[in-house]
Amino acid sequence: MPENDPWEYSLYIPNDPRAVTVCRRTLRLILTMHGLIRLVDRAELLATELVSNAVRHTKGPAALRVRWSGTGVLRLGAWDADPSPPRPPQPFDRAVEREDGRGLAMVRACADVWGWQPLAREGNRGKYVWCELAARRTA
């Protein structure tokens, strides 16, 4: 599949902390198989933060969505069943001494853009927290 063809994967996971590792390893495989190894390290970090927030702060299932635009943008997102908005990211200088609360600050710092949206479909509610990485070509 050429790099300029769009594609998308979704991985539905239970509310289990071990699912974060499953998502991270699956993401590495997906990006490697699509020739996007240059994005793996940053993408793994961001996906880990998004998915671990979904697993840690909600009681229901979650999902990781990975979408390649075909125009050089990788979107990573985590869905969960809780429609409450995520807490706004704290600046690193306020969060550096804490053991938690740095996830979205890291996403904001490492992604090109990020956001969230509430979801409601067929009576199910939840939210989708996402970020995007632009693939930078190396010469």
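The model is predicted: local features need pLDDT of at least 70 and side-chain atom pairs pLDDT 80 or more, while totals for chains, interfaces and linings use all residues. Residues are numbered from 1 along each chain as its sequence is written, and side-chain values use heavy atoms, without hydrogens and water.

**Second largest pocket**

- The second largest pocket holds about 440 Å³ of space.
- A pocket is an open set of points on a 1 Å grid over the protein atoms alone, where a 1.4 Å probe fits, with protein on both sides within 12 Å along at least five of seven lines; lining residues have an atom within 4 Å of a point.
- Its lining has 18 residues, and Tyr12, Arg65, Trp79, Leu119 and Arg121 lie nearest the centre.
- At least two lining residues come from each of strands E1 (7–13), E2 (62–68), E3 (73–80), E4 (113–121) and E5 (124–134); strands are DSSP runs (E, at least two residues) numbered from the N terminus.

**Aromatic pair**

- The whole structure contains 1 aromatic pair (ring centres within 6.5 Å).
- Trp7 and Tyr9 form this pair, edge-to-face at 5.4 Å centre to centre and 70 degrees between the planes; edge-to-face means over 60 degrees.
- Trp7 is buried at 9% relative accessibility (under 20%, 1.4 Å probe, protein chains only).
- Tyr9 is partly exposed at 36% (between 20% and 50%).

**Charges over rings**

- Arg65 lies over the face of Tyr128, 5.6 Å from the ring centre.
- Arg75 lies over the face of Trp130, 3.9 Å from the ring centre.
- For Arg, this requires CZ within 6 Å of the ring centre and within 35 degrees of the ring normal.

Conventions: Points joined across faces, edges and corners; volume = space filled by probe spheres on them. Helix = DSSP H or I, 4+ residues; strand = E, 2+ residues; numbered from the N terminus. Phe/Tyr/Trp six-rings, centres within 6.5 Å; stacked < 30°, edge-to-face > 60°.
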